[in-house]
Every structure is written in structure tokens, then in C-alpha cells.
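Trainee: Hi! Could you walk me through this one with me?
Mentor: Happy to. Have a look, then ask away.
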Amino acid sequence: MNANTRCRRLSIRLAILVAALAAGLSLLRAAETPLKPLYPGITPACSCENLTNLSLPNTTIESAAVDSSNRMCRVTAIVTHPPTSDRVKVWIGLPLTNWNGRFQGTGGGGFLGGHPNSLRGPVRQGFSAGATDTGHEGGSGKFALDANGRQDWQAIIDNAYLGIHEMTVVGKALTQAFYGKAPRYSYFVGGSTGGRQGLMEAQRFPDDYDGIVSACPAINWHRFVSASLWPQVVMLSTTNFVSKAKLAAATAAAIAACDADDAVKDGVIDDPFRCAYDPKALVGTKVGDDTFTAADAEVIRKIWQGPRTRDGRFMWYGLERGADLFPYAGTTNSGIVSSPLKGKPFSIALEYWLYYLAQDAKWDWSTLTCAGFERLWTKSVEQYSAVIGTDDSDLTRFRDHGGKVIIYHGLADELIPAAGSIDYYKRVQQRMGGGKATAKFARLFLVPGVNHGFNGPGARPTGTGFNEALIRWVEEGKAPDKLLAEKRDASGKVTRTRPLFPYPQFAKYKGSGSTDEGKDFRSKE
Ligand SMILES: [Ca+2]
């Protein structure tokens, strides 16, 4: 039997299998040490080009060709969902040599579903890998409206959860067709929207992945994305747009006030939830040529507090003290220094409000009142929680499948407050039998003093460490009890290390030894 025949036979088997396979695999970034190959010596069972013959339901394989500069067979496929005419584009990369026996799914950011360049890293490490545009090109949210200006529910669903699942199904099928073996393990690694996509897989397609790394996940989407417009609503309603310099002054003052609460003065608030710094302390102080006013203090207090209804009820979490306030509370003076400041909302928030909530590309956000904010907030919860909320705490099926998930989140995240991840994790603990039972398959690590990109005064988690820890957990049963964060100087030299412990534990300085050495910290609860 020649390779082509084998490939065709496999494709027929796969067509049957795939329908039953809730497949999904995804991601990992570079591991420092090569992973153990699960099928040593395995070579492709058919040519790359022959993968175009593979038959999969509602899927057209557009191209399959060797990408020699990246040493992969690169496949592009389109998945559709009749009777709609949507087009979910899927990119799959298959290593030409040294496939490690695993599949990795990769995710996107903002409204971007994913990008084909994300295949390179995992393929270099021997994974077969997948990426998808989740049904629309680019990073705008405008796909949520159809040509008639109505909600395009198929496009919304493809982006919210179906695209990643289809990528996973196609990726596993192509992997099996190419090598003659299904991936033994599948991983998904993503951050921000990618982190949300990973947790969505665990919630909705629990058999797709064996392990998921979810960094600073954009979960609670229907709440936190709406909430990210709150600082602009506060400034609009008080007609007091606060300058970037004043926002930065308040953040610096909060850090100065609460830094030492964790016994280490290092420019980092280890526990921002215990920091109650009140910006009233700044009233009357000079910020450049400007003076900090009581109205400025009130705006900043409300940004830290987070959105509340007009009668004071909790809507969502605010930014933590220590996080950069400017991305949410952005302003511009149109280039003229003396002109009054105007609000400049966070772009993803604005697009969500335009295309999902107002459903009008020409909607003028600056007409928004507190009442309007509440009304569309409620609409967001009512219409989008099930489709894109990604806050389902029932991970029973994922746990029972043997899945493991590591979530990590910077405590100075300026785009997605870490409080949302803690809220979700606590609800998972309640739903899944308590903290100990949950820690058997799902762990949350909070990282002090780093932002959405894991930069900042705090020590940065080593991404490869998280991915390797996940693989060890899945394949060897060794749960991650401690992970490492490190800070490097401009030359790349490590200047500080800190351990990270699974929530609710945190790293506490022993009181002696170097505050820059991880070994001088231990876990506390
Ligand atoms: Ca500190």
C-alpha cells in the first residue's frame, strides 16, 4: 500500500471518527528542553500535498504545501456551518520531521481569533499546531453586525467558541492523516482572548484538550468588556477628564502607600486587594503645572472601585491599585496642549459597545449617560453571557476527561482586572467540591506587579515554565506546587526571582535573606 492510498484510507476513517471526536488541541510556547517524543522515529505517512484529499464534514482544504523555511507542512482549510455561509479559516502546521506526538492549539487577542504566524513556535518544538481566524479577518469587532446592521449570530458564535473548536477538530484530523497516528496529547496555550478561548474549550468542548494554559484570560467577557468603558462614563458624567499625568500620579502614590504592606519595599503591591489608598490624599498637590482636585480624586476612586449602578449596586470590578489607568481612562487634547481633554476609550471596549451593544457603527459613545450605561450593561449580560461570557464554573466534564488547567494573571493588569479571574476561580472551587478538589485539576497563579503583557516592576512569570509545568501535570501527574517568576535587567541578567504559589497561597518574605532571591520566600495562605 503506497502512502497516498494509506492517506486516502485514513481520510475515510477520519471522516467517520472526526464526527465523534470532540477534538481540540492547542498551544504551547517554546520549551527550553525538547519534549520527549511520544512516537520516536515517526515519519509522515503521506505527502503534504495529499492532505488536500482528506474529507472532513463541512470543510474545504484549500491548500497543503511544504513551508520549507519553517520546516512544516502548512494546511489552510475553511469550515462552514450550513445553512449559514460563514467561513472559519483554519491554519494547521505539521512538522516535517521530529513530530513530538502532541497537538497545540493557539489563540488570539481582542477580537482577533488567531494568526497563522502563531504556528511557528509550537511547530519548531515538534507540535502539530493550529490557529484560526474564528470566522472573520482582522481584529475589529465589526463582524458582529451583518450587512443589514443586525447581529450576525453565526459570526458571533464562531468568534466566541466555535472557531477554536473547529480548528481543533481539523488540526487533530490532519495530524492523524499526516502521520498515521492521532496526537497522544493536546494542549491549548493562550493569553487574553487566547486565555478566554482556552477556558471556553474546557467549559464547552471538554474533550478537545488534555491541558490548557490560560494567561490573563478575557473571561467574564460580557461584564468586564462592558465595564472597561466605566472610567469614560465617570469622566463624562462629571465632565472632568483626568490627565494621564494625574492618573500616573495616583498610581504612583498608591504604590508608595501600600508597597511595604507585604514587608518588601520593591515598588510592587503584592496584594492590591488590601490596599485602600484614597486619592483624596493628593488633592491640592501639583502635577506638572496642574493641581490635583477633589473631582479628580473622585474619578480615580470610582475607577478603582469599578462600575456601580446609580443606586450603588455592584456591577463589576475596577482596576486594581498599581495598574496603569490610562488605557481605560484615556484622553486626548487633539494635539493642542491648552485645549480641554476629550475621552479616548479603550478600543476593544468601544468596538464591543458599537457592534454588540448599541449595534450601530455610528453610535457616539460620548452621548452615554449613567442610565444608558446601566441599560446596555444589562443587555450585555442578557444577550451575550451564554455565548461569550466564558464564566461557566462547571468543569465536571473537563475534569472527568482528565483535563488540567493552569490560569495565571498579573495583579497590575490594566486591561483585564485580575479580580475577574479570582471571582471565576472561586466559583469553580465552590462548584467543583472545594479548594482541594479543584486544585487536583485547575490552579490559579496570581503575579504581583505585572501588567497585561506581564511587564512591570514585579517579577515576570516564565512562560516556558508554565507550559512545561502543564505538560508534566498532564503526562506525569505532577501538579505545579510552585512556579517561578523572574526579573531581568536590560542586558537580560536575572536580577530578582520570586516563587508563585497556587491561589489562595501567596509568596511571603521570610524576614531574612535577600528580598531578590526566591528562596527567601515561602508560601502563606
Ligand atoms: Ca512590596
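Trainee: Is R427 buried, partly exposed or exposed, and what is its relative accessible area?
Mentor: This is a predicted model. In it, R427 is partly exposed, with a relative accessible area of 28%.
Trainee: Which residue forms a salt bridge with R427?
Mentor: D423 does, and the closest N and O atoms are 3.4 Å apart. Both residues lie in helix 12 (residues 418-431), four residues apart, about one turn of the helix. Salt bridges that share partners also join R223, D391, D423 and R427 into one network.
Trainee: How many salt bridges are found in the whole structure?
Mentor: A search finds 21. In one of them, the side chains of K246 and D290 meet at 3.3 Å, N to O. K246 belongs to helix 7 (residues 244-258) and D290 to strand 9 (residues 290-291), so this pair ties together parts that are 44 residues apart in sequence.
Trainee: Is K246 buried or exposed?
Mentor: K246 is buried, because its relative accessible area of 6% is under 20%. D290 is partly exposed, at 37%.
Trainee: New topic! Which residues are the protein donors of the calcium ion?
Mentor: They are D259, D262, V264, D266 and V268, with donor atoms lying 2.3 to 2.6 Å from the ion. D259 gives both O and OD, whereas V264 and V268 each give O.
Trainee: Are V264 and D266 buried or exposed?
Mentor: Both are buried.
Trainee: Last one: where is A459 found?
Mentor: A459 sits in the loop between strand 13 (442-447) and strand 14 (460-461). Residues that A459 touches include V447, A485 and R498.

Note on methods:
Residues numbered from 1 in each chain as written. Predicted model: local features only at pLDDT ≥ 70, side-chain atom pairs only at ≥ 80, totals over all residues. Heavy atoms only, no water. Donors = N, O, S within 2.8 Å, 3.2 Å for Na, K, Ca; no water. Buried < 20%, exposed > 50% of the residue type's maximum accessible area, 1.4 Å probe, protein only. Helix = DSSP H or I, 4+ residues; strand = E, 2+ residues; numbered from the N terminus. Contact = heavy atoms within 4.5 Å. Salt bridge = Lys/Arg side-chain N within 4 Å of Asp/Glu carboxyl O. Lists of a residue's contacts leave out its neighbours within four places in sequence.
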